Amino acid sequence: MTRQSLSLHPLPPAPPPAPDLRQLPITVVMNAGSGREDKSEAGAAIEKVLGASGRDVELLVAKRPRELAALVRRTAERRPGILAAAGGDGTLNAVASVAYERNLPFAVIPLGTFNYFARELGIPLDPAAAAQVVVDGSIRRVAIGEVNGRLFLNNASIGLYRRLLEWREVHKRRFGRNRFVAFVSGLVTLMREHRPYRLALQIDGHPLTLSTLTVFFGRNALQMEQLGLDEAVCVARGELAVLALREVGRRDLLALVLRGALARLETAENLRQYCALTVQIERLGEGSRHIRVALDGELVDCELPLVVRSVPDALQVLVPAVPEVRA
């Protein structure tokens, strides 16, 4: 196992003043094609809280996942204000991307499975309580990750981890969305043959050549902690956790999955671990100039070289307000 530490970096400039949140309209975007099964119940709870606030509120539902990004962009142009995502990682990514591009406040009503982004920021997992944060929360600026200019909140990956996500979606559409299906899908995918990537990396300017089954970029300290990785400290100070898995056989892959389940990945010998602000990736040898990347679970095709970076204080997120302390 190899770990690489970095030199100190200059502090980012001070963020601009927060907008007057009480004067902004609120738009909640929900994806009908993914997330929890009780969306109608969650939608009713959200509408009840927001309706009682007296604010200018609109609740929009994308009937198909592929309609989500266009819906959010049209909405931001029509009524710029607080953009709230009610859903899982894919929904959060689509809405946050537009909020980031237009410098608008972003709010989260978590309806996914793990909800790492919301949990790390202390946003309630109950839809009604999270909707109340949209109404009376305060702004906190948080770091994001970017891959060739595309945003990610929790993680990005290429190779095996990306394929695990891809096949998991195929199996969920066929057999249902639950953790058991996800677990079995992962085992089935690991039993397949996997060709390694031969990559040339620049990790904050330090060159590295390796043969790897997957490269994972973590932007969420809570997720790193639950995997048993010390790189949670790097994420907490604004860097990316960079994990690269060496070429191994099926038995070693299964052992790695078990270590992850037991939060003991830190001791995995085949896992190379780094912390970085910027990573550039180029594929060695002949081949396509494009590569498929998973961003918060959503698959996109990107041109090489990949430039992955952490952007500090990039996104304005509504979090629970801190109560005033009276003398």
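Predicted model: local features only at pLDDT ≥ 70, side-chain atom pairs only at ≥ 80, totals over all residues.

Q: How many helices and strands does the protein chain have, and what makes a stretch count as one?
A: The protein chain has 10 helices and 16 strands. Helices (H or I, at least four residues) and strands (E, at least two) are DSSP runs, and they are numbered from the N terminus.

Q: Why is Asn154 called buried?
A: Buried means under 20% relative accessible area, exposed means over 50%, and partly exposed lies in between, with a 1.4 Å probe and protein chains only. Asn154 has 3% relative accessibility, and therefore it counts as buried. Across the protein chain, buried residues make up 48% of the 327 residues.

Q: Where does Asn154 lie, and which residues is Asn154 in contact with?
A: Asn154 lies in the loop between strand S7 (150-152) and strand S8 (155-159). Contact means heavy atoms within 4.5 Å, and, leaving aside neighbours within four places in sequence, Asn154 is in contact with residues including Asp89, Tyr116, Phe117, Arg219 and Asp296.

Q: What makes the pairing of the side chains of Asn154 and Asp89 a polar contact?
A: A polar contact is a pair of N or O atoms within 3.5 Å; within protein, one must be able to donate a hydrogen and the other to accept it, and residues adjacent in sequence count only if both atoms are side-chain atoms. The side chains of Asn154 and Asp89 make such a contact at 3.4 Å.

Q: Why is Asp313 called partly exposed?
A: Asp313 has 31% relative accessibility, so it counts as partly exposed. Asp313 lies in strand S16 and has a positive phi of about 50° although it is not a glycine.

Q: How do you know that the peptide bond from Leu304 to Pro305 is cis?
A: The peptide bond from Leu304 to Pro305 has omega near 0°, and it is cis. Pro305 lies in the loop between S15 (298-303) and S16.

Q: Why is Arg309 called partly exposed, and which side chain is joined to that of Arg309 by a polar contact?
A: Arg309 has a relative accessible area of 34%, and therefore it is partly exposed. Arg309 lies in strand S16, and a polar contact of 2.9 Å joins its side chain to that of Glu146. Arg309 and Leu277 are 32 residues apart in sequence, while their C-alpha atoms are 5.5 Å apart in space.

Q: How is the packing of H1 and H5 described?
A: Two packed helices are described by the angle between their axes and the distance between the axes. Axes are lines fitted to C-alpha atoms, for helices over the stretch in contact, and angles run from 0 to 180 degrees between N-to-C directions. H1 and H5 pack at an angle of about 35°, with their axes 8 Å apart. Ala42, Ala45, Ile46, Val49 and Leu50 in H1 meet residues of H5, among them Pro127, Ala131 and Val134. By class, this contact of H1 with H5 has 10 nonpolar, one polar and no charged residues, where Ala, Val, Leu, Ile, Met, Phe, Trp, Tyr, Cys and Pro count as nonpolar, Asp, Glu, Lys and Arg as charged, and the others, Gly among them, as polar.

Q: Which residues of helix H5 are buried, and what covers them?
A: The buried residues of helix H5 (residues 127-136) are Pro127, Ala130, Ala131, Val133, Val134 and Val135. Their cover includes helix H1 (39-52) and strand S16 (306-319).

Methods. Residues numbered from 1 in each chain as written. Heavy atoms only, no water.
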